[in-house]
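The following exercises are to be worked with the sequence and the structure in view. Each task is followed by a solution in steps.

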Amino acid sequence: MNRVILMGRLTRDPEIRYSQNDQTMAIARYTLAVDRRGRRDGNDGQQTADFISCVAFRQQAEFAEKYLRKGMKIAVTGRIQTGSYTNREGQKVYTTDVIVDDHEFCESKNAGASNAGGFAPAAENRPAPSEAVSDGFMNIPDGIDEELPWN
């Protein structure tokens, strides 16, 4: 079985290309920075990451073009595909890519705003500091028809 599930942050905006065949197909390439769970000795206790190349086709590529941006935390499911080619210097280069079946957001726009370069945080429904009572709790406005979740 060849199945991959990854969660990480985009290192840059996806690169989108369109095939020049009879039927145009969108192809998106991006790199996902995935934190390693453990820490290695000799790197001063800093967490390390793997940078994994991902490729999405058709609708998934169009989704990536429209919604994915640098710094976003996403989850990817797909499969690993290996390949090789000969570069201009005549050297054989081996590749490993994750072919994306699906990707989804792992945090809200607000949570990603501090990590993503292009996000502007949406307006939050927090009370102004002047609306808070001195004990740190907000006054509940009159006219709320809903019951509180506790008695």
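**Exercise 1.** Is F105 buried, partly exposed or exposed?

*Solution.* The model is a predicted one, and the accessible areas are computed from it. Step 1: the relative accessible area of F105 is 39%. Step 2: buried requires a value under 20%, and exposed a value over 50%. Step 3: F105 is therefore partly exposed, since its 39% falls in between.

**Exercise 2.** Determine how many aromatic pairs there are, and describe each of them.

*Solution.* Step 1: the count comes to two aromatic pairs. Step 2: one of them joins F63 and Y67, with the ring centres 5.0 Å apart and 45° between the planes, a tilted arrangement. Both residues belong to helix α1, where they stand four residues apart, about one turn of the helix. F63 is partly exposed at 25% relative accessible area, and Y67 is partly exposed at 39%. Step 3: F63 also pairs with F105, again in a tilted arrangement, at 5.7 Å centre to centre and 45° between the planes. Because F63 lies in helix α1 and F105 in strand β6, this pair ties together parts that are 42 residues apart in sequence. Step 4: through these ring pairs, F63, Y67 and F105 are linked into a cluster.

**Exercise 3.** Identify the residues that touch the most other members of the largest nonpolar core, and the elements that supply this core.

*Solution.* Step 1: the core has 18 residues, of which L10, Y30, L32, L68, I74 and V76 touch the most other members. Step 2: at least two core residues come from each of β1 (4–10), β3 (26–35), β4 (49–57), α1 (58–67), β5 (73–86) and β6 (92–105). Step 3: the most is given by β3, with five residues.

Conventions. Residues are numbered from 1 along each chain as its sequence is written. This is a predicted model: local features need pLDDT of at least 70, side-chain atom pairs count only at pLDDT 80 or more; totals for chains, interfaces and linings use all residues. Side-chain values use heavy atoms; hydrogens and water are left out. A nonpolar core is a set of buried Ala, Val, Leu, Ile, Met, Phe, Trp, Tyr and Cys residues joined through side-chain atoms within 4.5 Å. Buried means under 20% relative accessible area, exposed over 50%, partly exposed in between (1.4 Å probe, protein chains only). Rings of Phe, Tyr and Trp (its six-membered ring) pair if their centres lie within 6.5 Å; planes under 30 degrees apart count as stacked, over 60 as edge-to-face and the rest as tilted.
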